[in-house]
Each structure stands twice: as C-alpha cells, then as structure tokens.
Amino acid sequence: MNVRLLLIVSGLALTAPAMAQQPAPTAQNPDEPVVYEEQVVVTASKAEQQLVNAPATVSVVGEEMIQNSPATNIGDLLRSVPGLNVTQVSARDVNLTSRGATGTLATSQLALVDGRSIYLDFYGMVMWDLVPSNFDEIRQIEVIRGPASAVWGANAMSGVINIITRTPRELAARGGSSLTIGVGAFDRSVNDDGADSGVLFSVRGSHAEAVNDRWSYKLSAGYFTQDPLPRPSGAIPNAFQTPYPSFTNEGTSQPKFDTRVDYDMADGGTVSVSGGVAGTEGLIHTGIGPFNISNGTLMTYLSTRYRKDGRRISFFTNLLDGEGANLLARGPTGQPLPLVFDTKTFDVDASDVRTIGTRHVLTFGGNYRHNVFDISIAPEGDGVFAQDEMFLGDHFRWVVGGRVDKFSSIEDPVFSPRTTFMVKPNADQAFRVSFSRAFRSPSFINSHIDTTVLNEVNLGAISPLLGRFVFPIRAVGNPDLRQETLTAYEVGYTGVIGHRATVSAAVYWNTTEDGIYFTPSSVYTPANPPPTWPPQVPPQVLGVLAALNPPVLLPSSFTYLNMGRIKDKGLELGVDAALNRYVNAFTNYSFQAKPTAEELPPGTTINDINWPAKNRFNAGFDFSYSRFLGNMAVSYTGEAYWQDVLDQRYAGTTDAYTLVN
C-alpha cells in the first residue's frame, strides 16, 4: 500500500473596507438543529431543479468542501465523488472518467465551466489546469455520473463535470477582495528510497464590486507551482518485466487571469461578458509516451451569455496555443517527436424551459460548434435537443428526451435518447429507473494523425549484435472510424434524511460499442523486417521473438480502430451529512466489475482494454468555526490496468494505494 500525504497552509486576507462589513462571529450551539438548504443543480437538464428531482445521478461538491479543502487541482477536489475515477500521473496531468477506466487521456468525460465546454476536440481530452477560475470563485461543482449526450451532445459519453462560479455581485457581497497564499509539501518516496518531499506554492487573489444595481464586475489572478511527482524504478510489473523508461518527471507552473462583467437588466435578464487566459507547463501522457509541454502554452477564452428565467443564449471561443516534445518517442531524424497545440473552437448555444399546462415542463435547445486546427478545417458539428418532464400525479414523474447531432467527421446523424421514470414517496425522496445512450465522436487525432516514431527494444538476450535495437513505427489515423457509443441502464435513489444528510445509491449496466482504441495494426516479420534491421543478423530472429512466452512482437504500425462491444456494471453508495453547524462529513463506496471474457469483443482479452479499480472508498470531514477551517480526507483506490501506453511491453497493473489529504 502506498500512502501519500499532502499538507497545505493557506490564509485569507480581505481589504479593510471588506473586513468592516463582516459581522462578528456569534456563539452558537453545535447541537442546534441544522437548517437544511436543498441543493439545486442545472447540469442534468440545462434547467434549475432540486437534486432529488434530477433525471440522472448527480453529485454536488458544494461551497463548504471547496472552501475548506487543501486541494490544489480539480482532481483532488473530486476524489470524494463516488463512481468518478481520478488519475494524476504528473504534477499537471489530471484525468477523470465516470464509471469507466481512465487511461493516459480521458476522452469520454465532457467538462464545462459555467456551461462553456473546455473539451479539446483536436485530441479528445480535457486539460484541467487551463481552467482560469480560482477555487475561491467556485460556487459548486456538479458531476453527472453516466451518459448525458441527450442534453449536452457529443463527448458527454460517460458523464459531465460542470464548474459553476459565483457572479461578481455574489463575490462582492462576500467581501469583495481576497488574497490567498498556500504553501505545502507532499511525500515523494518510492519503495522507502528516502527521497526528499516535494514542495508546492500557490497565490491567488480577486476583486469584485457591484458598481450599482445594474453593473458589477470581478477580476482575478493566480499562480501555482509544484515540484515533479516521483517515478518508480526497476521493472514494470508485467510478463515482459520491461525496465521503466529513463526520463525525468517535470514539475509545473500555472499562471491564470480571469475577468467578468455582468449587466442586470430591468426585465430580470442578465448579460455576462467574460474572458480569461490560463497557462501551463509540464508532462502530458499519451499513447505514444509523455510529452513535456513547454512554458508559454496558453488557453484564452471569450464568452458572452444572456439569461432570463429558463432562457439561456451563449457564445464562446476557446483558443489554445502551445507546443511540447516527447520524452521517449523520436521522429525519423532522431529528434524528439513534437506536439503542437494550435486550435480554435467557436460555439453558439441556446436553450429554453417552458411550462405547458400543469403537468409538463418542456426543455429544448441546440448548438453549433466549429473547430479550426492549425491550418486545417477539422470536424464541426451541431445538434438540437428536447426534453419533457411529465407529472403523472403527486408521486410519479416521467422524463423523456433526446438529441440529434451531426458531425462532419461522422457520416450519419447520431440520436441520443434518454428516459427516466421517477417514484417520489415524498418531496425529499426519489427512486429512478432510467435508460440513456450517449456517444463520443472521433477526434482530429483519431482520424488524421500521420507520423513516424522510433521505438526501441532490448534484444541483447537474443543476439549480442543487437543490444538495444531501435526500429520505426508508423502511426496513422483512421478517417473511417464510427462514433463510440454507450448504452446505459440504471436504478437509482436520492434522498434527504432528517434534513441533515443526502443519501444516494445507484446500480448501473453499461454497454460500450465501437470503442476507439489506439492499437497495433501490423507487426514486423521475417519476411518484412524493420528497415533498420542489421544485415549481419538473420531476420529469422523475429520469428524466435514471436515464439517466446509471452511473444515479443515489434509493431510496424499503429492506428485507431473500433473494438466491438464491451459490457460492464457497477454499484455506488454515498452519504453526505451535516453533523452539526460546523462539521460536515461524507463517506462513499464504488464497485466496478471487471468485464468477463463473454463481455469482451471476440478475439480480445481483458489485457486489450483498460480496466478501472474494482473497489474505491472515500471518507472525510470538513469543519468551519469562527476563523478556523479545515478538511481531512482518506481515499482508497484498488489496482487498475493500463494498456494504452506505447505497446504491450509497457502495459501493466498499478498497485492499490491510499491517499491521505
């Protein structure tokens, strides 16, 4: 078991006028009844509704947990969410996936900031460190666990994470100005090697002001830096016993700036204009090895939104510019394989909510999305959706919805349906039975990658003349890929118990069809040896390698393929409770079954796919009393298997670990 500790100290300083507005703390009895405030979410249906009435399984990370947590990234904030797999493989590289395995790049989880998508279509991933908002500005984070394409369209296949920030007027009411400085350390020892602790440092500040009853604004900035994470040594624990590649982990530095101006209209509507920039550097892991992202990589965004009651209209653009170099793979010239970020995304979105009679709530809308990658016009898409919530009496509700999307990279339109039948014994309880289908469109890299990389293998045991042998591999995209589709069935429960605790439970059965995997498409043989094969060594050695147990096959090309059908299932249980006015506690458990041979595509084995931890457990509490606040959390994650790293010589199982924060 690996135990890692993170200690952080932070302080908050308000400007003198703001401090003068703060009421003096009053003595309260912690045994007094807690005043429960029902959680309201918007991500499940693009309309505000109580959590217990949401037609999907939604977890909410609220204000208290965000304020009291020492977390330095989104992954640490969300580790306590049941069913959400979180991996961090470098100081900056965080990946999250609901109810599924998280590989080198999480491609099936849609990510939003105030409804603005930060999913990067060119690679099919999310770079969480490029979110410009400070943690102090976040009101809550909503996590949909399970398919959500019926509302949000492509790439919301396994779920949606929506970061919802406070308005400038809300920030002004909380004091207006803040400065937070954090410094901490984390354990970097591996196998008790006595390595020094890593250091991290952060500073963030903001200023918000309500100029009058119409105008308000906020400005914020931040900077975060962290030492590299540790790397294991020795051999990878698999049948090949491949030595860990000899590259050095990198730390990260992340500056950010964000601004927003709101205008509250006389008729009740609000217009918001916001923009910001976030930078990063450090490692990003991919199927062809880690890239070191250069300092100066920036994501810039501009967003305009209008909202009145249930009507929402928005436009945004995301501009990503940066570069990096691979630490393992080299091009034909022997130089590190480059990675260039140069993408532009433009999106227009509109939705509305209408009540029809006394028994129907209709939600509908659509969006258009356009991408420009480098100098090539790449996949673009648009979609429309509609959902009707029918009240069948005091205790029964039926939600029926669907969305149609058309992408230039997919031949036919894609329909994503959703239906949920709810039984409500009372206002605070809801039992759900649901069916939904979602999809992920092929990314630009999936369809159009075209490069050659140099790989190496140690053949010294076969022939001393070979030693460490370098050979080329062709990586070619597949323009004929179909969309990856997930069909889900779920039985769930959400309830508020005693006005103190939110309890959730869910059992789900998922079927993924046409999963997109980066896999070898051909191997070198005695009849077709690598062009770098030494002339003094007979090519029949390749046949000897292939006959070993396990066989050593030298791939000559990789591509992206649709891999048929995979079934999985799982269970999630969670409790979030207010113990008293000052202390909140949580505990949850997630189980995800490993697919059996009958649940895999024909001709494949369990080692041809990634599989997540079978068991995950989280428990903790946070407190806030007078001027003191804190958080304690323990997370256990079982072993998991990774196959999407270079080739099978590098695939293997990660150890179970416990993280203490």
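Here is a walk through the structure, from a hairpin to its inner spaces and its ring contacts.

The model is predicted, so to speak: local features need pLDDT of at least 70, side-chain atom pairs count only at pLDDT 80 or more, and totals for chains, interfaces and linings use all residues. Residues are numbered from 1 along each chain as its sequence is written, and side-chain values use heavy atoms, leaving out hydrogens and water.

Let's start with β18 (residues 336–356) and β19 (residues 360–373), which run antiparallel and are joined by 14 bridges. Strands here are DSSP runs of E with at least two residues, helices are runs of H or I with at least four, and both are numbered from the N terminus; two strands pair if DSSP finds at least two bridges between them. A350 has G366 of β19 as its bridge partner. Three residues sit between the strands of this hairpin, where G357 takes a positive phi near 65°.

R99 isn't a glycine, yet it has a positive phi of about 55°. You'll find R99 in the loop between β6 (94–98) and β7 (109–113), and it is buried, at 5% relative accessible area (buried is under 20%, exposed over 50%, partly exposed in between, with a 1.4 Å probe and protein chains only).

A cavity is a set of points, on a 1 Å grid over the protein atoms alone, where a 1.4 Å probe fits but cannot get out; lining residues have an atom within 4 Å of a point. Of the 45 residues lining the largest cavity, A101, T107, E484, I516 and Y517 are the closest to its centre.

Finally, look at the aromatic rings: the whole structure has eleven aromatic pairs. Rings of Phe, Tyr and Trp (its six-membered ring) pair if their centres lie within 6.5 Å, and planes under 30 degrees apart count as stacked, over 60 as edge-to-face and the rest as tilted. F435 and Y489 make a tilted pair, because their centres are 5.3 Å apart and their planes at 50°. F435 lies in β24 (residues 429–440) and Y489 in β27, so this pair ties together parts 54 residues apart in sequence. F471 and Y524 pair edge-to-face, 6.3 Å centre to centre with 90° between the planes, and both are buried.

Notes. On a 1 Å grid over the protein atoms alone, a cavity is a set of points where a 1.4 Å probe fits but cannot get out, and a pocket is an open set with protein on both sides within 12 Å along at least five of seven lines; lining residues have an atom within 4 Å of a point.
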